[in-house]
Amino acid sequence: MESSVELTQILRNRTIITHFQPIFSVTKQQVVGLEALSRGYCAQTGNLIAPLSLFEQATDKETRLQLDRLCRERAIQTFATVAPSAPPLLFINLDAIVIDGGVVGSNKLLYEIQKHKLSPASVAIEITESPSLDVHALTTFINLYRSYGFLIALDDVGTSCSNLDRILQLRPDIIKIDRALLQQIHEDTYKQALFSALTNCAKQIGALVVAEGVEKEEEAVTALRLGADFLQGYYLQRPVAAEALPFNNYYPLLQQLSLTLRLEKQEKLIEEKQNAEQADRLIPHLVQALQEVS
């Protein structure tokens, strides 16, 4: 009962707080995107509610749509207010469950972007995969908003409900590989093979790859080696208020990642060269052995 009261109060008072988590390019040594993450604040109870809990409280479609739109409005408003003069991409989440024929043509998102004098080309719409998606309505939505200039990102790729067919069907501009696949990936050859398959699929359709949920240097380096273009996760930066993001303080960390990746590549080249030299030394002995047998 308390949770429904909290949600009602949040929607009525429009008390959504937006934090941002940066997305990094190690190649460019900079922040290339900010994902907006919403928290609900209920003044009546004093509780700050995390995104997942917030949407779990919205049990009917109309309430979920209202909450989804409020979160996006707040994200765009906050981003426009505090983003640097040359802002990175804004990544905003869209609850794909609410997309149907009645939502597709509303242009609410386009209106909010234009209202705050942002370009659609500076916004990536994140769509979370779900087995219950209305694929026809979703495809119509994607085609419409892509025609306006928005980028389309497919989120949580690599989870149980995701598949390569969905990537090929929707042809997103960006795919975000889920943290479940990133955890300890440097120690798991199965995860590495799956990650590599997803990045190869992305390259075939011209999509960029974000590795989400990176919590260790080893995970970051492995993801980059296997084809990730960008990194996101606690290892690099936790979500914080946009004005608290230290945009100019990431260079040492990104430089270290770049150096580690370069050293790993050099070690691999040396190993490959040694293996080739070993094979060259063995070939004459193998030929002689075969001749003796024949």
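A residue counts as buried when its relative accessible area is under 20%. Glu112 comes out at 8%, so Glu112 is buried. The model is predicted. Its protein chain holds 294 residues, and buried residues make up 44% of them.

**Overall build**
- The protein chain has 11 helices and nine strands.
- Its C-alpha trace spans about 90 × 45 × 40 Å along the principal axes.
- Take the contacts between residues at least 6 apart in sequence: 67% of these join residues at least 24 apart.
- The accessible surface of the protein chain is about 15100 Å². Carbon and sulfur atoms account for 52% of that surface.

**Glu112**
- Glu112 sits in helix α5, which runs over residues 108–115.
- Setting aside neighbours within four places in sequence, Glu112 contacts Glu73 and Ile76.
- Its relative accessibility of 8% is under the 20% cut-off, which is why this glutamate is classed as buried.

**Cysteines**
- Cys71 has 6% relative accessibility and therefore counts as buried.
- Cys201 is buried too, with a relative accessible area of 9%.
- A disulfide is a covalent bond between the sulfur atoms of two cysteines.
- A search of the whole structure finds zero disulfides.

**Largest pocket**
- Rolling a probe the size of a water molecule over the atoms shows where empty space is left.
- Two or more lining residues come from each of β2 (30–42), α2 (51–57), α3 (61–82), β4 (89–94) and β6 (151–157).
- By class, the lining of the largest pocket divides into 16 nonpolar, eight polar and 14 charged residues.

**Second largest pocket**
- The second largest pocket has a volume of about 190 Å³.
- It is lined by 13 residues. Gln29, Gln30, Val31, Phe247 and Asn248 are the closest to its centre.
- The elements giving two or more residues to this lining are β2 and α11 (251–293).
- Strand β2 supplies the largest share, three residues.
- The lining of the second largest pocket has nine nonpolar residues, four polar and no charged.

Terms used
Residues are numbered from 1 along each chain as its sequence is written. This is a predicted model: local features need pLDDT of at least 70, side-chain atom pairs count only at pLDDT 80 or more; totals for chains, interfaces and linings use all residues. Side-chain values use heavy atoms; hydrogens and water are left out. Helices (H or I, at least four residues) and strands (E, at least two) are DSSP runs, numbered from the N terminus. Buried means under 20% relative accessible area, exposed over 50%, partly exposed in between (1.4 Å probe, protein chains only). Contact means heavy atoms within 4.5 Å. A disulfide is a pair of cysteine sulfur atoms within 2.5 Å. Ala, Val, Leu, Ile, Met, Phe, Trp, Tyr, Cys and Pro count as nonpolar, Asp, Glu, Lys and Arg as charged, and the others, Gly among them, as polar. On a 1 Å grid over the protein atoms alone, a cavity is a set of points where a 1.4 Å probe fits but cannot get out, and a pocket is an open set with protein on both sides within 12 Å along at least five of seven lines; lining residues have an atom within 4 Å of a point. Grid points are joined across faces, edges and corners, and a volume is the space filled by probe spheres set on the points. Accessible areas come from the Shrake-Rupley method with a 1.4 Å probe; for residues, only the protein chains shown count as cover.
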